[in-house]
Amino acid sequence: MSVTVVLGSQWGDEGKGKLVDILAADIDVCARCAGGNNAGHTIVVPMGPEKVKTTFAFHLIPSGLVNPKCTGVIGSGVVIHVPSFFAELDALHAQGLDCTNRLFVSDRAHLVFDFHQIVDGLKEVELGGSSIGTTKKGIGPAYSAKASRSGLRVHHLFDHGTFADKFRKIVEGRFKRYGHFEYDTEGEIVRYKALAERLRPYVIDSVVFLHKALADKKRVLVEGANALMLDIDFGTYPFVTSSSTTIGGVCTGLGIPPKLIGTTIGVVKAYTTRVGGGPFPSEQLNDVGVHLQEVGCEYGTTTGRRRRCGWLDLVVLKYSCLINGYDTLNLTKLDVLDDLPEIKIAVKYLVDGKELSGFPADLELLAKVEVEYVTLPGWNTSIASATSVDQLPENCKKYVAFIEEYLDVPIEWIGVGPGRESMLKKEAKLIL
């Protein structure tokens, strides 16, 4: 089985990009299966003969491309804003990352247009106080068009006359729905004629490409975007993204069957964060929350928004493990907890004194839960210089072991800092 999958297990921003970067060193193909440029993966890598640490911000392009031998594929389940695709690609090239002849886009992927982004903002205004907190990148409206069978896909770009006719009808439909907002329809049609020619060399039948790679025994890594709790079906709906962020989205977004998936790794931040609206049971609106924000640099890669922060929530993670079936976990940003004298972990949700059997679908019920915590002692020392799990303080090891025991899933990777060298590999479950 040649496919390894990396998925976010909480509300996103867990640090998936760094693990993808490390795994990509031994991977032939890195693929994105869902989402759009609403994702944000930050990777710090040494570049050039001087090994200068360089920070790359990936949004739409697979971050495994930091490995110069790796090929990137943007799959059919992704929605693509072509101008942003090229802006990101040009920025990577300017930083010294050459993606020539090793980045491809599915001809079945749906397109995001500027009018989708305008509509995204208008929909948020309509919601008023119930605002979801969208990135306003047009992702939701593009997926809505896809689901209503009124979207345009990458292959439509290459029949310009048909594309122009369809595009005009779609924009007129948006004008009827939202009123006549400022938008240069004809100017966009001209712009996309040029963009189509620039995009043409990148476009492939990604199903054929991926299955040929697998038949040739190539190693494929799937880089998930967003995370389980933002999934359109299983997340805190409606405060979610518009795509399938689960293991199921890997199959539907890339056209590969479940039997070809070998290892699934869930990425877990050592505490919990989320952006946008919606209930957040373990959120800390206090000094602890501020500490996690500031020490953890909890600002969005894509939006720059300050993230909401709270204690690690094992109720969320148990639910996440059930759905995605992680084989192992990557615990990230453990060093952010270094200076806390004690650390809490959410282990139960109670309503009227009774424990809930799982993570509730009803957000009104979720907003009422009383969280039961286990309190563990902190380690009160920096772990940033640790080069092996053995070097971690005893209380730090106890924190890791508690998570493993509760979830019954081994933690294979532990992040103790921002760079590649700060990811510790752990071979077995900790027994203390």
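In which loop is R305 found? In this predicted model, which numbers residues from 1 along each chain as its sequence is written, local features need pLDDT of at least 70, side-chain atom pairs count only at pLDDT 80 or more, and totals for chains, interfaces and linings use all residues. Side-chain values use heavy atoms, with hydrogens and water left out.

R305 is found in the loop between helix 9 (287–295) and strand 13 (308–310); helices (H or I, at least four residues) and strands (E, at least two) are DSSP runs numbered from the N terminus. With a relative accessible area of 27%, R305 is partly exposed, a class that lies between buried (under 20% relative accessible area) and exposed (over 50%), computed with a 1.4 Å probe on protein chains only. An unreviewed UniProt entry annotates T301, T302, T303, G304, R305, R306 and R307 as "binding site". UniProt positions follow the numbering used here, feature names are shortened, and annotations may be inferred rather than shown by experiment.

The domain assignment gives domain 1 (3–91 + 206–425) and domain 2 (110–202), with bounds that come from an automatic or database assignment. The centres of the two domains, taken over C-alpha atoms, are separated by 29 Å. Contact (heavy atoms within 4.5 Å) involves 27 residues of domain 1 and 25 residues of domain 2. About 2000 Å² is buried between domain 1 and domain 2, 63% of it on carbon and sulfur atoms; buried area is the accessible area (1.4 Å probe) that two parts lose on being put together, summed over both. Of the area that domain 1 buries against domain 2, V79, H81 and F86 supply 27%, more than any other three residues.

One salt bridge is counted between domain 1 and domain 2, the criterion being a side-chain nitrogen of Lys or Arg within 4 Å of a carboxyl oxygen of Asp or Glu. D90 forms a salt bridge with R198, and their closest N and O atoms are 2.9 Å apart. On the side of domain 1 that touches domain 2, the elements giving two or more residues are strand 6 (79–80) and helix 2 (82–94). Helix 2 gives the most to that side, with six residues.

H116 lies in helix 3 (residues 114–127). This residue counts as buried, at 4% relative accessibility. Apart from neighbours within four places in sequence, H116 is in contact with L111, G138, P141, A142, A145 and R174.
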